[in-house]
Amino acid sequence: MLSYRPGETFVHRLDPRSKLLVQFGLAIAVFAWPTFTVIAAATLLTLGILAVARLSPFSVIRAYWVIFAVLSLAPLIAGIALGPPWFRVEPALESARAVARVVPVLFVSAAYLTTTPVRETRAAVQRFVPGKAGQLFGVGMALVIRLFPVVLRDAREVRDAIRARGGERRPFWVRARLLAVRSLERTLDRSDRLGMALRARCFAWNPTLPPLAFERRDYPVLAFGVLLTLSPLVALL
């Protein structure tokens, strides 16, 4: 699972607000302009961002392999017909184009996760969304980013424990039930311990977050993010 990796790359030094705006704008652009040219350009752009962030696209695919596996099945399922010719190319291509739009969004999200500390993400979110709603949103995002990899690790440990006890000889639905139940138990236990730890440490909804300040290198990135965000309006002109 991808998580923050300290570094000194250009992407690491950017303000998290400018990186969030580029993510937001890129998602809007690829879904507003679902042509193969735009999707290919967006994919090349995000590969460049990954290179600058020194993150291999193969490590992203490996981290999100379940998502990529599900996405790769979508065109095959869309093309299946319940009669001759049994497989239709046009729906499959349309589904492939819809799936391809997700790839650059996943790549740029991975670059953000690995180059931005959780505390800076929370600070950026609370500046974008002021008030109690921003605090709640910031705390929720910080907890999800920190705990999701831990929950996945627990699930893998449960799976390994089932295999070590000869669970592979059991029916699939039994293994799935054991994995789901044991993983859920661990997640609930972990959430209880998290709540107790937060109370023990006098959890504050509005702690002192790291200061954020735009620097000269952020302004071109911000302008690019605004351009991507407003790109659907070009169609209305």
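In what order do the elements of the protein chain run from the N terminus on? They go α-α-α-α-α-α-α-α-α-α-α, and the tally is 11 helices and zero strands. Helices (H or I, at least four residues) and strands (E, at least two) are DSSP runs, numbered from the N terminus. The model here is a predicted one, where local features need pLDDT of at least 70 and side-chain atom pairs count only at pLDDT 80 or more, while totals for chains, interfaces and linings use all residues. Residues are numbered from 1 along each chain as its sequence is written, and side-chain values use heavy atoms, with hydrogens and water left out.

As for overall dimensions, the C-alpha trace spans about 60 × 60 × 30 Å along its principal axes. Of the 237 residues in the chain, 33% are buried, meaning under 20% relative accessible area with a 1.4 Å probe, protein chains only. Taking contacts (heavy atoms within 4.5 Å) with a separation of 6 or more, 77% come from residues 24 or more positions apart.

Now for helix α7, which takes in residues 102-115. The expected span of a helix is 1.5 Å times one less than its number of residues; for the 14 residues of α7 that gives 20 Å, and the end C-alpha atoms are 20 Å apart, so the two agree. This helix is mostly covered, with 10 of its 14 residues buried. Among them are Val-103, Pro-104, Leu-106, Phe-107 and Val-108, and the list also includes Tyr-112, Thr-114 and Thr-115.

Technical notes: Buried means under 20% relative accessible area, exposed over 50%, partly exposed in between (1.4 Å probe, protein chains only).
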